[in-house]
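Take a walk along this chain with the model open beside you.

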Amino acid sequence: MKEEYNIETLNPRKNPYSKKLKKQITINIDNDTIEFFKAQSEDSGIPYQTLINLYLSDCAKQKKQLQMSWK
C-alpha cells in the first residue's frame with residue numbers, strides 16, 4: 001500500500017450529483033403547515049422534510065408565481 005495517493009488520479013470523474021447537493025438552512029414554518037406535511041408523510045412513507053423539499057423544488061422548476069389575496 002502506498003503511503004500517499006494522488007486523489008485526483010484515483011477517480012477522475014466528476015460527481016454527477018454535485019449540482020443536486022443540499023444546503024442546510026433555518027426557516028420558520030407555521031405549525032399547521034408542518035402538520036400537513038407530516039400527515040402527507042405518514043400516507044406516502046416519505047419523510048416530511050423531503051416532501052417539503054420536493055414541493056418547493058417543483059414550484060421553482062415550474063417557475064410558479066405566488067398568488068396571494070388579502071381578505
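A salt bridge here is a side-chain nitrogen of Lys or Arg within 4 Å of a carboxyl oxygen of Asp or Glu. The model is predicted: local features need pLDDT of at least 70, side-chain atom pairs count only at pLDDT 80 or more, and totals for chains, interfaces and linings use all residues. Residues are numbered from 1 along each chain as its sequence is written, and side-chain values use heavy atoms, leaving out hydrogens and water.

pLDDT is the predictor's confidence in each residue, from 0 to 100. The protein chain has a mean of 88, and 96% of its residues reach 70 or more. Helices are DSSP runs (H or I, at least four residues), numbered from the N terminus. Confidence is lowest in α1, at a mean of 72, and highest in α2, at 97.

Now the pairing. The whole structure holds 1 salt bridge. It joins the side chains of Asp58 and Lys64, at 3.9 Å from N to O. How open are these two residues? Buried means under 20% relative accessible area, exposed over 50%, and partly exposed in between (1.4 Å probe, protein chains only). Asp58 is partly exposed at 30%, and Lys64 is partly exposed at 44%.

Look next at Lys63, in the segment after α3 (48-61). Its phi is near 55°, a positive value in a residue other than glycine. Most residues other than glycine have a negative phi. Lys63 is exposed, with a relative accessibility of 65%.

Two surface patches remain. Patches use residues with over 30% relative accessible area and no salt bridge; like charges are joined within 9 Å, and nonpolar side chains (Val, Leu, Ile, Met, Phe, Trp, Tyr) within 5 Å. Asp30, Asp32, Glu35, Glu42 and Asp43 form a patch of negative charge. Asp and Glu count as negative. Glu42 lies in helix α2 (residues 31-44) and is exposed at 69%.

The other patch is nonpolar. Tyr5, Ile7 and Leu10 make about 360 Å² of it. Ile7 sits in helix α1 (residues 7-10). Its relative accessibility is 67%, so Ile7 counts as exposed.

Key. Areas by Shrake-Rupley, 256 points an atom, 1.4 Å probe, with all protein chains shown as cover. Charge placed at Lys NZ, Arg CZ, Asp CG, Glu CD. Helix = DSSP H or I, 4+ residues; strand = E, 2+ residues; numbered from the N terminus.
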